[in-house]
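The following account leads through one protein chain, from its overall division to individual residues. Please keep the sequence and the structure in view while reading.

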Amino acid sequence: MTEKIRIRGKQIVNGVVPISGAKNAALPLLAAVLLSSEKILLRNVPPLEDVRTMLSLLDDMGVRFHIRADSSYASTIELQADAVNDFRASYDIVKRMRASILVLGPLLARFGECSVSLPGGCAIGVRPVDLHLKGVEALGATVSLKDGYIHARSPRGLRGTEYRFPISTVTGTENMIMAAALADGKTILENAAQEPEVVDLANCLNKMGACISGHGSGTIEIDGVANLHGVDYAVGPDRIEAGTYAIAAGITNGCVDLMGGNFRELLPCFVEKMTEAGLVFTDIGGGLRVESSGKISPIDIETAPYPGYPTDLQAQSMALLCIAAGISNIHENIWENRFMHVAELARMGANIKVASTHARIYGVEQLQGAPVYATDLRASFSLVLAALAAEGVTVLDRVYHLDRGYCKIEKKFAGCGVKIERFR
Ligand code: EPZ
């Protein structure tokens with residue numbers, strides 16, 4: 001029996017939300033531990049299922065670590081990769097979490113070999129890794145595919161190169177930064193991903209002795225060094241969690257203080273478009289206050305790589321636009337199949353027409369609670385948001401999707417006067 005969440009509708013989200021460390025920063029930072037033999041301290045690590053999956057992958061390779069819970073929302077993890085004896089990322093772990101591909105770059109850079117299971121697709125799309133492989137081949141690695149595994153070798157080490165990504169890829173950029181950090185010579189990455197999580201990784205690697213510049217722009221330069229030393233580093237705040245709770249305030253006509261980061265800077269396009277939709281953003285010490293203006297207006301959204309509109313906030317934004325006073329359009333330009341939440345929102349009375357990667361949302365007066373199920377991480381939260389605004393009770397099934405990327409959702413909502421109940 002999978003866990004379910006029961007949500008009574010017409011609740012108003014009013015309160016303070018402590019934003020956790022970013023899942024999509026913590027995962028590459030954990031993989032980067034493989035680049036050094038020295039002790040590494042990672043702070044503000046969110047206690048998430050995906051983090052536990054990455055830790056089990058590192059454990060299988062021989063990385064030693066100790067976890068200390070600092071609060072309900074953050075842990076400090078001490079790790080050391082001085083006795084790595086296995087360079088293989090097995091399918092049973094990789095199929096659970098696509099981001100496991102992030103061990104490819106560091107294993108090649110430090111040990112000159114790795115066997116990483118092809119990730120396989122997931123609910124939102126095929127999710128190829130061809131650009132990761134072309135990148136490490138440009139650095140001099142030889143790559144072959146056999147039995148569903150990527151076998152990569154760089155017996156003579158990696159050599160700096162110039163590599164242009166044909167499309168912006170977040171983990172592709174992160175893999176190349178980690179591989180190039182220990183390569184011989186300079187690497188220049190063109191059309192690199194500019195996401196804040198890429199910047200977080202580069203900042204940590206520079207504190208470990210790497211020589212990286214340009215991160216946060218489309219051109220990143222990495223001068224390879226002989227080795228990297230230990231570091232004490234804190235994971236940056238999760239802008240996607242922050243945007244998600246901002247929408248919770250907007251959809252319930254409430255007010256939240258998102259604490260723990262400069263979210264206006266981390267979510268420039270989101271703040272601009274949500275202001276257009278009728279949310280009001282006010283900078284407060286240590287965070288950002290978000291409240292509804294009382295009326296949600298229709299808007300058009302085009303998802304895009306940073307600093308554009310985050311695809312990871314698309315499903316949540318659609319939930320809000322289901323109750324806007326008019327017709328909105330969402331173009332999902334990153335993933336080919338990221339509208340699984342549409343059918344479930346329709347069960348709650350939403351009126352949405354989908355054609356390929358374009359969704360047209362006809363705002364309705366009122367959503368209705370219903371039994372629905374989660375299909376992927378961000379879709380699951382869009383249903384939670386709709387349930388909070390709906391009339392009646394919603395039961396959300398397959399809650400494990402939520403737990404992959406959001407920590408202590410019941411506790412964070414309880415801090416905002418909202419009750420959601422987990423049961424089997
Ligand atoms: C990262 O995934 C995030 N995950 C995703 O968040 C996020 O949706 C995505 O970036 C886009 O912002 C992590 O950081 C762990 P991409 P990633 O490579 O790196 C195509 C969440 O909800 N592509 O930037 O896997 C790909 O198909 C998750 O937290 C290739 O064609 O995404 C997609 O269309 C979901 N070949 C586009 O590029 C490649 O080799 C962007 O993908 C790699 C990617």
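In this predicted model, the chain is divided into two domains: domain 1 is made up of residues 4–19 + 238–423, and domain 2 of residues 23–225. The C-alpha centres of domain 1 and domain 2 are separated by 30 Å.

The chain as a whole contains 15 helices and 24 strands. Its C-alpha atoms occupy a box of roughly 65 × 45 × 45 Å along the principal axes. A compact globule of 424 residues would have a radius of gyration near 22 Å, and the 21 Å of the chain therefore agrees with that expectation.

Where the two domains meet, 25 residues of domain 1 are in contact with 20 residues of domain 2. Together the domains bury about 1,900 Å² between them, and 57% of this area lies on carbon and sulfur atoms. On the side of domain 1, the residues that lose the most area to domain 2 are Tyr306, Trp335 and Arg404, which together account for 31% of what that side buries.

Five residue pairs in polar contact are counted between domain 1 and domain 2. Helices α13 (377–389), α14 (400–405) and α15 (409–414) each supply at least two residues of the side of domain 1 that touches domain 2. Of the contributors to that side, α14 gives the most, with three residues. By class, the side of domain 1 that touches domain 2 comprises 10 nonpolar, three polar and 12 charged residues.

Side chains of opposite charge can pair when their charged atoms come close. Between domain 1 and domain 2 the count is two salt bridges. Glu197 and Arg239 form a salt bridge in which the closest N and O atoms are 2.8 Å apart.

In the structure as a whole there are 22 salt bridges. One of the salt bridges joins the side chains of Lys23 and Asp50, with an N to O distance of 3.7 Å. Because Lys23 lies in helix α1 (residues 23–32) and Asp50 in helix α2 (residues 49–61), this pair ties together parts that are 27 residues apart in sequence.

Two details of the backbone remain to be considered. Most residues other than glycine have a negative phi, and most peptide bonds are trans. The peptide bond from Tyr306 to Pro307, however, is cis, with omega near 5 degrees. Pro307 is placed in the loop between β18 (300–302) and α11 (314–321).

Asp147 is found in the loop between strands β8 (142–146) and β9 (149–153).

How values were computed: Residues are numbered from 1 along each chain as its sequence is written. This is a predicted model: local features need pLDDT of at least 70, side-chain atom pairs count only at pLDDT 80 or more; totals for chains, interfaces and linings use all residues. Side-chain values use heavy atoms; hydrogens and water are left out. Domain bounds come from an automatic or database domain assignment. Contact means heavy atoms within 4.5 Å. Buried area is the accessible area (1.4 Å probe) that two parts lose on being put together, summed over both. A salt bridge is a side-chain nitrogen of Lys or Arg within 4 Å of a carboxyl oxygen of Asp or Glu. A polar contact is a pair of N or O atoms within 3.5 Å; within protein, one must be able to donate a hydrogen and the other to accept it, and residues adjacent in sequence count only if both atoms are side-chain atoms. Helices (H or I, at least four residues) and strands (E, at least two) are DSSP runs, numbered from the N terminus. Ala, Val, Leu, Ile, Met, Phe, Trp, Tyr, Cys and Pro count as nonpolar, Asp, Glu, Lys and Arg as charged, and the others, Gly among them, as polar. The radius of gyration is taken over C-alpha atoms; the globule rule is 2.2 Å times the number of residues to the power 0.38.
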